Each structure stands twice: as structure tokens, then as C-alpha cells.
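Please walk through this model from its chain contacts to its ligand sites and then to its helix pairs.

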Amino acid sequence: MSANGKPKFAMYWAAACGGCEIATLNIHEKVLDFDANFEPVFWPVAMDGKVKDVEALEDNAILLTLFNGGIRNDENEEMAHLLRRKSQILVAFGSCACEGGIPGLANLSSLDSLFETAYDTLSTDNPENLRPSPVYEAPEGELHIPRLYKVLKTLDQVVPVDYYMPGCPPESHQIAAVIDLVIQVLQGKAQLPPKGSVIGAGVSTCCDECDRKRNVKKISKFVRIQDVKEIDPELCLLEQGIPCNGPATRSGCGALCPAAGAQCIGCYGPAEGVVDFGARLMTAFASVIDSKDPQEISRILDGIVDPAGQFYRFNLAGSLLRAGKPAWKW
Amino acid sequence: MKQRISIDPITRLEGHGKIEIFLDEAGNVANAYLLIPELRGFERFCVGRPIEEMALLTNRICGVCPEAHHMAAAKAADAVYHVDPPPAAKKLRELLYSAFYFTDHTTHFYALAGPDFVMGPDAPVAERNILGVIHKVGLEIGGKVIQARKYGHAVVEIIGGRKVHPCTSIPGGLTKGITEEQRQEIEKMGRWAIEFAQFSLKLFADMVLGNKTYLDLILGDIYTHKTYYIGTVDENNKVNFYDGKVSVVDPEGKRLGKYAAHEYTDWIAEHVEPWTYLKFPYLKQIGWKGFVDGKDSGVYCATPLARLNASDGMATPLAQEEYEKFYQTLGGKPVHQRLATHWARLIELLYAAERWVELATDPEITSDNFHTVPTEKPTEGVGIVEAPRGTLTHHYWTDERGVVTKANLIVGTTNNYAPISMSIKKAAQNFIKQGVTVTEGLLNRVEMAFRLYDPCFGCATHSLPGQMPMIVTIRNAQGEVVDTIRRD
Amino acid sequence: MSEKTTFEPVIVGFTCNWCSYRAADAAGMGRMKYAPNVRLIRVMCSGRIDPQFVLKAFAEGADGVMITGCHPGDCHYIDQNYKTMRRYELLRRTLVQMGLEPERLRLVWASAAEGQILADEINDFVETVRALGPLNWPKWEKEETRQLIEEAV
Ligand code: SF4
Ligand code: SF4
Ligand code: SF4
Ligand code: FES
């Protein structure tokens, strides 16, 4: 507790896009409740605050830290260790921290090819084939930039994590609800869920929250959404052949994307009890396909043009295999 | 052999972009470097993914301007399929985009840039924030700013399906349209937005233009760089955010030409430096001559100021009036004084709001013809939008199934990486003389240099506009650290 | 000789209780020789094989994974093995995209009477995987990750 008696709060971004921070700022009025109950000590997006100050804190001095973004380089990992040490409750906040998120798709490729692509594009003029290097001898002296890891890692792959809050980004009403809960816990009116739980989300699937009608119809082909002449506004998208990730995805967002006519791309991560998101989705897709003929099955599956991306869009870094072979064998 | 200088782990930890300044023997500034610490590799892992997902994946490059990536990727996907979305779809996308611009510019002005002016550049740091602004000009303004952000997000959610990382743009249009009730709601919010933008411009006129010190600061030399400028314009050469051609003007304001999206490689190239993960775009025809301005250097700038300089005016009446006033006051085109970018941003704020209402009252906007099924074979396509922080280019190549085989992205902030670096060096030269560093002055002025560009290194790495913690390391000619100054 | 000849691949076989497991049993009893490299895991029906099992096997160090079930049409739970067929195809496509050699995953239909066929398939599979060499999918232990990091750049 700080001098004014308010528990300390921190929020930090590692390899993140900033969307998690924006979603947090979008709790609007709730910010006031938050302000009345917490003392933010470290929150680069919203306030001044130094890493030095965090280091000066006693271990466990921060009550709650929301950590967003994956671990892409040594700097990200050092911050994860520091904040773990200083925090009583460390929350992996958003898909990136929980399971790698979209940037985790980089785990399908070698780091070398990441560089190759970035510094050798059509518009890049790089005759000497330069690559950024962690240490560089400039004419005036040495320059340092963080070192990229071979694979992107989830937060819990580098430090123990207390709670997981999925979503890309987590929806603001869920963030507000979690903050409410913590406040109630502080006032002795509620209890924290068991360590390791997923918070700020539901326990069923996105399909359970989805208003679209399901007729348990089997499908004879997968279609790309742009090829659908008129998306039926009421029927389940998967039953229309559009590869919707709803069946494997955790509830919590209110099935926003299907409500807007777009397929769920799985940002809320694996549903309760699912270890590997992709495996569950494969099972779900396998059971809606209406065919017993190997050749026809093969033709139907050609409709899913990017299985690895479809099944592991947000979850590759946190999946059982964690990375494709090119990422670790080169 | 130079000794390896160990870097204070704290500075390394915090480095969401850090600055290194080197001094020469006499103790003057030899060089300054702005380092960008991260690469996430989107161009690599977009390969193998279906083209329609680009609008969903590249969103996640930046949570501050996901709408810009969503649109650029969607337009590139249209181009890949050679499909022209129906008018209603284009208008809905532009409507979403106008509302997004409005929110983004509001946030920037009130939370980030405004404080420098409203509180004054030499006010203590503790006061130079949005709370300081509210205290000075009244509580009511805080409520208005929150309202403005809420309205912008509401429109994004209605059309885009989600507040952050919209999901509705697909090749050939959108997954949904809007209802008449939604349209009315959007229009109502838009009318409020126009008033808010006018109010903001008035605030700026009263507090800044009416104050000689600030005006002098704006017109002074420290933030002046005579570079090229680029910005998207419509067929009448008026500023446009969603569509058109990119106009390029030289440091004298003469138009060098306009390029369509697919011609960008004739105009833009990117330079690589080994000490940073971010690249430096420049004008290909002029060439990369290093971090210098002037007509012979290919360095260009792509900001609200750049867009005004590169255009012949604004397409809406109220914004046009302000545009004229802008150049009258500042002595004609082009304006090189970079601090005027803040004013230019507010003129764009007004344009965004006016355009929002224009589109919301368009009879076609509620049409249910919001998608055209692509029929042609997908090949290659470029999509360009004007992101708030500069022209955003997405380029994809696909196989015949529409699966991406190659991608090239030039993101908004990247455009301004060279000019930002130059502004930093210039500020450093002004405040470090013969080994004497004016710490506060340097920090303030460097910080102001950042803010006017509104650098969103979220696009490049992940810091939010202007909120970049700064660590400035100053080294002498022997490479030893003589001073580390910081603002976190 | 090269290392490859001494390399004994680790193969995990998920077998359906009703047919292929019996076939394997029969193969064992009939002394139809099959390579000892395969560790059989019996499930009630191939339809119970969650793709997760296969991923886990690779993640834990298997060099190859074999899935066996009753012939299409003969599943004791009506048509669960058609589901297996579809899942397997999805899994195979995904793993190939992740850089796995497609030969490391094999689906075999074998009835209780086809002990010899199964034994042949197993032997052939072991040789195929042996020729490919060890897979060594990283177990991503902390130390190992650190090593990878050290190697990087
Ligand atoms: S989870 Fe999504 S919103 Fe959050 S940082 Fe990652 S990409 Fe951005
Ligand atoms: S599959 Fe998608 S559209 Fe269908 S019910 Fe589930 S979430 Fe809704
Ligand atoms: S519908 Fe799916 S992708 Fe969309 S917000 Fe919800 S969980 Fe995320
Ligand atoms: S019982 Fe053998 S596959 Fe179903």
C-alpha cells in the first residue's frame, strides 16, 4: 500500500500494438472509480513513471499489473521479470500476452526470413544488404538495440502468470468488470478466482453468445467471405460455409464479429478446458463437413486455403507446438 | 579498437525508441540517432495468409490507427481482385474513416500537443498534460474531449463491428450496411463534431495565435525544415483521407507530380540503417542524401502540414476557410515551420467532421448494395490511405487462389522517420554547445519536435503518439557517456 | 556407418480397440514381426483421437505418429472413423504448413483380421521415418529456449 493507502497498479506493453491500452482507456467513466481505488505507479501510455522507480519498489509492492504484448526480444523479457517480481497479481492481458496473438504468427518463419523480408522489399533500397544489428559501431560510437528472439513467446512462457484476460483487445466492458471485481475484493465483498483462471471472459464458446441460428446443417463446401453473394443475416456463418472460429473460441465479447456479418477469427482464445485451440477447431470443422469420400473431403478442405493460419491465427505461440519448424530449425 | 560501452540496463529496458547524441572534440553535437527497438515481421507472416485477412491481421500492427491499416489492406485487396466496391461501401468506409480521424486528431491535440501551447512550452512537466489544460480552460472541456472520443468510437463500432480492430471490410466492400436509425444517430453525432472542431480552432486562435511568444516560436527557425511534402488529394487536388492520388510538392511548393497507388515504387524508396529496426523512406527521383533538408535531398514529410502543403485546399467549406486563413497568417505556401502542424491538424479535424456529416446525409449511405462479389482472378494490388501520421501503403501479391505470396508495407509514421531525426539533431545542436547542455530546454524542445509529428511508433514498434519515453544519452568524442537525460 | 542406420525412431500409434488394436495383437500373437519402435496407445474408436493427442506426441518428442482405425464403413460407432478421416486431413495439412514432413504422420485402416497388413504398414512407416531422421521438436523447456535465444542473431 502506498502513503495514501491506495494499492498500486501498473500496466505495461511489450510486443504489443497499443490496442489493449486504447481499450483500457475506453472504459470512460469507470476511470474515475479506478482512480479512486488505485494508485498507478507505472503506466507508460497514460502517465509519467520510470522503470527506475519500479525497480526501487519492494518486491510485491504493486498489487495489480496488467501486462500486454508478447515477448519478442530480450528487453520485453527483462520487463516481464521485473514486473513479476514487483507484483502480487500479474495478469496476462490480451491475446498477445496470453497466447502470442497475431504477431505470434511470425513463429511459422525463421527470424532470418523475417529480416530477409523486411529489409529486402520492393521499395527498399539496400544495396549492401544491411541488417539491423543489436550492437553497431557508428562512426561516433557504439549503438545498441534489443535483440530479437527466434520465436515470439507468451508471457507465461517466461514468468509465472496469475490470471489470463483474453481478447484482441479485451472488450472494454470486460475490463471494467474485472476492475470492479478487484475493487470489491479490496473491500472484502468478493473473492478472487483461483490462480491460473481466465478472467474477464465467459466459460462457454462464442457460438453460445451468437444470435445466429444454427440448424445443425452439414456443409458441402467452404466459401471465402468475399465470394458470398449475400451473407444471410440470420443463419450461422459456418453453416453458410464461411470458416467461423466461433466453436473453439471462448465467450466474452458477445459474438461481435458474427453480429457484424464477419466470421469470428478467434481473438478470445481457446474455450474453457481446451488445451490447443487449433486441435479443437479441427475437430469442430471435421464434424460439420458432409462427406465420407476421401476425394470429396480433400476438395472441400481446399476451401480452407490457409489451415495453419485458420487454426492458429492468435494462438500459435501458446499452442502445443508453439512454432513451425522453420522457426527453430535453421 | 573502441571499447564496448556497457549500457545502463534501465535505459535499455525502457527503450521504446531512444536517442543517442554524440559530441565532437570541441563538445558540440556531432550526430544524433533515434533508435527504434523492434521488428514484428508482418511482411513475412502475411505470406501464406488469404488476402481477405490482411484487413484483420495488419490491424494489429497498430492499435492507435487500426482503422488506417484496415482500410489500406481492404483497398489493396479490392485491387488484388480488380473489383470496384459499390458506392455505398466506399462511402461507408470513408465515413468510418472520417470519424476515426476525428477521434485521433482530438486525442492528439488535447492530450498531447495542446498542453505545450495552452500551458506554454516552459511550464513544468507536471502541468503540461491534459489535466493542466482542463484546469486552465475549464472543466467543461474535459467532458467535451471524452464525448468527442466516444462519438468517434461509436461510429467506428457501428460500421466496423468493433471499437478497436474493426472487422467488416472485405474484398469488394463490406459485410454489412447501416440502418436508417443508425444513420440518424451518426448524423447527430457528426453535427456535434463540427461544432467541437470549430470550438477547438477558436481555442487555438485565442490561446496560440493571439499570443506573440507562441507565434514567434512557431515562426522561428528551430523547427523549420525545408523538405518535400506528400499527401493524398482528390481529383480537384483537395485533401482526401480515404482515396485519390498522392501529390508530391518540392520545398518551393511546386507540384512534382501525383502518383496513383500502384505507382508508388516510382516515387518512394526506403533506406536501411543497421542501428535501428525502422527504415527511412525518401523520394526516389531525388535520392537518399542522408539526414539533410533542401531540394537536393529526397527526405520528405507526410503530416497534416504536409497534406495541406501538397494540396490546393480542403473539400468542405468551413475547412477551406480555415485553410485560407492558415496560409494568409503564415505567409503563403508552403509552410515549413513544423510547429504549424498542430494548426493544420485542427483544420483537418474540422474537415473530418464536415465530411462525416456529408457522408452521413448522403442518400446512398443506407443502401443495401454494400458488396460486389469479385469475379476476376486475384493477382497483385496496392492500397493507399492517408493515415493521420502519413501516407500508408499496403502492397500485396497473391497466387490465383488469392493467397498472399509477398507483401510490402510502408506505414504512416515511417514516412517521417528522417525528418523527426533531423528535428532532434537540430534541437540538440541548439541546446548543447561546447559541452554545455541546457537540459530542460533540450528535453522540452526535443519533446515538442516529437509531438508535432505525432509519431506513432506503435506502427513501427508500439509507443503511443507523443508518449514516447525519452532517454537521451550524450557521449563525448571518445564515446564515453557524459550525460544521460530522460523523460519517461 | 552413418548415424541414420543406428537411429531408432520413436513412433506413437493411436489404435482403435475394435479392429486395428486387435490386428496388432494378432500380429504379435502370430509372430508377424513388426518393429518394436512403435508405442501403441489404445482408444475405444479412432473417432476418439483428438488432434491434440497427435500434437502432444510430436511436442513430446515423437518422430512419427500413426493413427489406425476400422475400415470406412466398419466403425463400431457407426461413422466416427469418417470424422477421423476428415480430421486427419486437416491435421496433416496444418502440420505440413508448420514444416513437418508429411511422411511423419500416417493413417492406416486395418480390420481385426489384417494383422499382417498392419505389421507391414508399421514396418514401412518405421523405415520411412528412420530415413527422415530424428524430428526433435523442441520441448521448449526454459533452458532450451534460452539456448535458442543465444543462438539467435
Ligand atoms: S492483444 Fe490485440 S489489441 Fe492487444 S496488443 Fe495484442 S494485437 Fe494489440
Ligand atoms: S459458428 Fe460462428 S456464426 Fe455460427 S454460431 Fe458459432 S459464432 Fe455464430
Ligand atoms: S467474435 Fe471472435 S474474433 Fe470477434 S471479437 Fe469475438 S472472439 Fe474476437
Ligand atoms: S470403432 Fe474402430 S474406428 Fe470407430
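In this predicted model, chains A and B bury about 7,800 Å² between them. Carbon and sulfur atoms give 59% of that area. The size of an interface is often given as the accessible area lost when the parts come together. Counted by residues, 87 of chain A are in contact with 91 of chain B. On the chain A side, the residues that lose the most area to chain B are A:Glu140, A:His144 and A:Gln226, which together account for 9% of what that side buries.

Ligand 1 lies between these two chains, A and B. From chain A, the residues around ligand 1 are A:Ala16, A:Cys17, A:Gly19, A:Cys20, A:Gly94, A:Ser95, A:Cys96, A:Gly167, A:Cys168 and A:Pro169. H5(A) gives the most, with three residues. Sorted by class, the shell around ligand 1 holds six nonpolar, five polar and one charged residues.

Ligand 3 also has residues of two chains around it. Its surroundings include A:Cys206, A:Cys253, A:Cys257, A:Cys264 and A:Cys267, as well as B:Arg162. Among the other residues around ligand 3 are A:Thr249, A:Leu256, A:Pro258 and A:Tyr268. Because residues from both chain A and chain B surround ligand 3, the site is shared between chains. The element that gives the most to the shell is helix H9 (residues 256–259) of chain A, with three residues. Nine residues of the shell around ligand 3 are nonpolar, two are polar and one is charged.

Ligand 2 is surrounded by residues of chain A, including A:Cys207, A:Cys210, A:Cys236 and A:Cys244, together with A:Arg212 and A:Arg214. A:Leu237, A:Leu238, A:Gly246, A:Pro247 and A:Pro258 are also in the surroundings of ligand 2. Its shell has eight nonpolar, one polar and two charged residues. A:Pro258 is found around ligand 2 and also around ligand 3.

The helix pairs come next. Two packed helices are described by the angle between their axes and the distance between the axes. Within chain A, helix H2 (residues 30–37) packs on helix H7 (residues 172–186) at an angle of about 30°, and the axes are 11 Å apart. That angle makes H2(A) roughly parallel to H7(A). Their crossing is left-handed. H2(A) makes the contact through A:Lys30, A:Asp33, A:Phe34 and A:Asn37, and H7(A) through A:Ala176, A:Ile179, A:Asp180, A:Ile183 and A:Leu186. By class these are five nonpolar, one polar and three charged residues.

Within chain B, helix H8 (residues 180–209) and helix H13 (residues 341–360) pack at about 160°, with axes 8 Å apart. H8(B) and H13(B) are therefore roughly antiparallel. H8(B) passes H13(B) in a left-handed crossing. Their contact has 17 nonpolar, four polar and four charged residues.

A further pair joins chain A to chain C. Helix H10 (residues 277–288) of chain A packs on helix H4 (residues 80–97) of chain C at about 135°, with axes 8 Å apart. The two helices, H10(A) and H4(C), are therefore oblique to each other. H10(A) passes H4(C) in a right-handed crossing. A:Met282, A:Phe285 and A:Ala286 are among the residues of H10(A) in the contact, and C:Arg86, C:Arg87, C:Leu90 and C:Leu91 are among those of H4(C). The contact divides into five nonpolar, three polar and three charged residues.

Key. Residues are numbered from 1 along each chain as its sequence is written. Chains are lettered from A and ligands numbered from 1 in the order in which they are written. This is a predicted model: local features need pLDDT of at least 70, side-chain atom pairs count only at pLDDT 80 or more; totals for chains, interfaces and linings use all residues. Side-chain values use heavy atoms; hydrogens and water are left out. A residue is near a molecule or strand if one of its heavy atoms lies within 4 Å of it. Helices (H or I, at least four residues) and strands (E, at least two) are DSSP runs, numbered from the N terminus. Ala, Val, Leu, Ile, Met, Phe, Trp, Tyr, Cys and Pro count as nonpolar, Asp, Glu, Lys and Arg as charged, and the others, Gly among them, as polar. Axes are lines fitted to C-alpha atoms, for helices over the stretch in contact, and angles run from 0 to 180 degrees between N-to-C directions. Angles under 35 degrees count as roughly parallel, over 145 as roughly antiparallel, 65 to 115 as roughly perpendicular and the rest as oblique. A crossing is left-handed if the near helix is turned anticlockwise from the far one by less than a right angle, and right-handed if clockwise. Contact means heavy atoms within 4.5 Å. Buried area is the accessible area (1.4 Å probe) that two parts lose on being put together, summed over both.
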